[in-house]
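Here is a short report on one chain. Keep the sequence and the 3D view open while you read.

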Amino acid sequence: MEPLFLSLLLALFVSSVTIPLFLIFYNHRSQNSHPNLPPGKLGLPLVGESFEFLATGWKGHPEKFIFDRIAKYSSHVFKTNILGQPAVVFCGVACNKFLFSNENKLVVSWWPDSVNKIFPSSLQTSSIEEAKKMRKLLPQFLKPDALQGYIGIMDTIAQRHFASEWEHKEQVLVFPLAKNFTFRLACRLFLSIEDPSHVAKFSDPFNLLAAGIISIPVDLPGTPFNRGIKAANFIRTELLAIIRQRKKDLAEGKAPPTQDILSHMLLTCDENGKCMNELDIADKIIGLLIGGHDTASAACTFIVKYLAELPHIYEEVYKEQMEIAKSKTPGEFLNWDDIQKMKYSWKVACEVMRISPPLQGAFREALNDFIFNGFTIPKGWKLYWSTNSTHRDPAYFPEPEKFDPRRFEGNGPAPYTFVPFGGGPRMCPGKEYARLEILVFMHNLVKRFKFEKLIQDEKIVVNPLPIPDKGLPVRLHPHKASAMS
């Protein structure tokens with residue numbers, strides 16, 4: 001009996017290993033069985049071309065993955081397999097226009113499994129419903145009259161930030177400070193949290209969370225994904241306590257209903273009278289805090305980088321900002337009219353986001369089979385669009401490596417070529433919010449300092465945001481007090 005029992009155990013073990021492997025390889029081969037797919041290759045099962053996709057970013061040149069394959073296949077549409085998913089990469093103006101124009105018709109926003117596992121509430125409803133929810137909530141806080149009210153708050157926080165973190169220092173690390181500034185703004189405007197110690201309590205866990213979101217979803221101790229889940233749980237617990245206290249304050253009339261986006265979420269119900277539950281609100285606040293500071297901090301960091309490298313650009317920005325600074329009375333904060341005068345500064349910021357876009361691209365999922373450019377795009381396949389496919393293309397931006405803010409004069413770039421905030425119905429609703437915080441940062445920076453890079457050829461790593469490898473250390477040269485007055 002014993003040999004027979006051992007034989008059965010061996011057979012069960014072999015089956016448990018070979019059947020999943022067979023299914024993986026069968027599924028991988030079946031992905032290529034659709035007729036008339038775009039050119040390209042899917043790579044190895046599960047892994048696909050994920051390593052090449054990520055490695056070009058780690059080396060600081062994420063556009064290489066895109067342009068190498070455009071050249072290889074002589075096509076702006078090609079298939080691949082990234083993040084464990086068969087995908088079609090869409091490149092260029094026609095592709096951008098098609099994807100942005102067919103949101104929720106042929107395609108829908110898609111996030112990797114790592115996001116769904118870190119944000120469990122995202123599994124309860126479809127991404128279409130989630131998008132509708134957020135677009136009903138956000139306009140109240142991102143409409144022009146609301147934004148105008150934020151400028152004074154942003155300027156107050158910026159002045160405090162530069163006074164405590166930059167002034168009286170010979171050198172600083174720009175990237176951590178830019179994150180600190182944008183995160184303080186998001187905490188204040190979304191949650192009414194102003195206490196620096198309370199903000200700092202969230203800061204490190206948010207960095208771990210952001211890293212976990214774009215990591216390989218392997219939940220083992222010590223992995224970025226595992227640390228991301230733990231960080232999300234910590235943040236969620238903290239937020240739930242804030243949410244419950246706010247609910248109590250609203251019920252007792254101690255907090256105004258229009259205080260911030262948290263109060264608005266707690267009081268907003270759907271057409272059936274159903275309000276969001278606390279966990280759902282917590283996850284949405286986490287998403288807003290990430291979106292409200294991560295990309296803007298990358299943009300602010302690279303603005304410092306290019307202003308340090310290009311003295312003639314710095315001088316023009318300085319001249320514009322000092323005209324505004326000299327028009328203010330002592331203690332007067334920036335206002336909407338001041339922001340509208342920062343035309344050259346915004347052109348510089350746009351050129352920074354063209355060359356070093358904080359958002360490298362985004363995923364969509366095909367809702368049904370459809371044909372594009374003569375190729376079949378199967379239902380369920382993922383679609384990836386890349387900012388660099390147009391930002392770095394000389395057909396749209398001559399001499400794309402050259403820093404030239406004049407590209408944004410007049411009507412600016414052609415439609416669907418400059419897409420740092422996406423486009424169509426899914427264009428980032430916080431675009432104008434980002435413009436305000438970036439310009440307030442620039443104003444408070446250049447009116448105080450000139451600066452020089454301490455590492456001239458510092459490596460840039462894209463993972464998934466572009467980040468200077470050493471945090472962009474700079475030496476500060478404060479302006480004389482008479483020049484600032």
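Contact means heavy atoms within 4.5 Å. Axes are lines fitted to C-alpha atoms, for helices over the stretch in contact, and angles run from 0 to 180 degrees between N-to-C directions. Helices (H or I, at least four residues) and strands (E, at least two) are DSSP runs, numbered from the N terminus.

This is a predicted model: local features need pLDDT of at least 70, side-chain atom pairs count only at pLDDT 80 or more, and totals for chains, interfaces and linings use all residues. Residues are numbered from 1 along each chain as its sequence is written, and side-chain values use heavy atoms, without hydrogens or water.

Five strands form an open sheet in the order 1-2-8-5-3, with mixed pairing. Two strands pair if DSSP finds at least two bridges between them. Strand 1 (77-82) and strand 3 (107-109) are the edges, each pairing on one side only. From one strand to the next, the twist averages 35°. Strands 5 (361-366) and 8 (382-386) pair antiparallel over five bridges. In that region, E365 stands opposite K382 of strand 8.

| Helix | Lies across | Angle |
|---|---|---|
| Helix 3 (63-73) | strands 1, 2 and 8 | about 130° to strand 1 |
| Helix 4 (93-101) | strands 1, 2, 3 and 8 | about 125° to strand 8 |

**Y416.** This residue sits in the loop between helix 17 (388-391) and helix 18. Y416 counts as partly exposed because its relative accessibility is 28%; buried means under 20%, exposed over 50%, partly exposed in between (1.4 Å probe, protein chains only). Beyond neighbours within four places in sequence, Y416 contacts V93, N96, K97, F100, S101 and T390. Its C-alpha lies 8.0 Å from that of A94, 322 residues apart along the chain.
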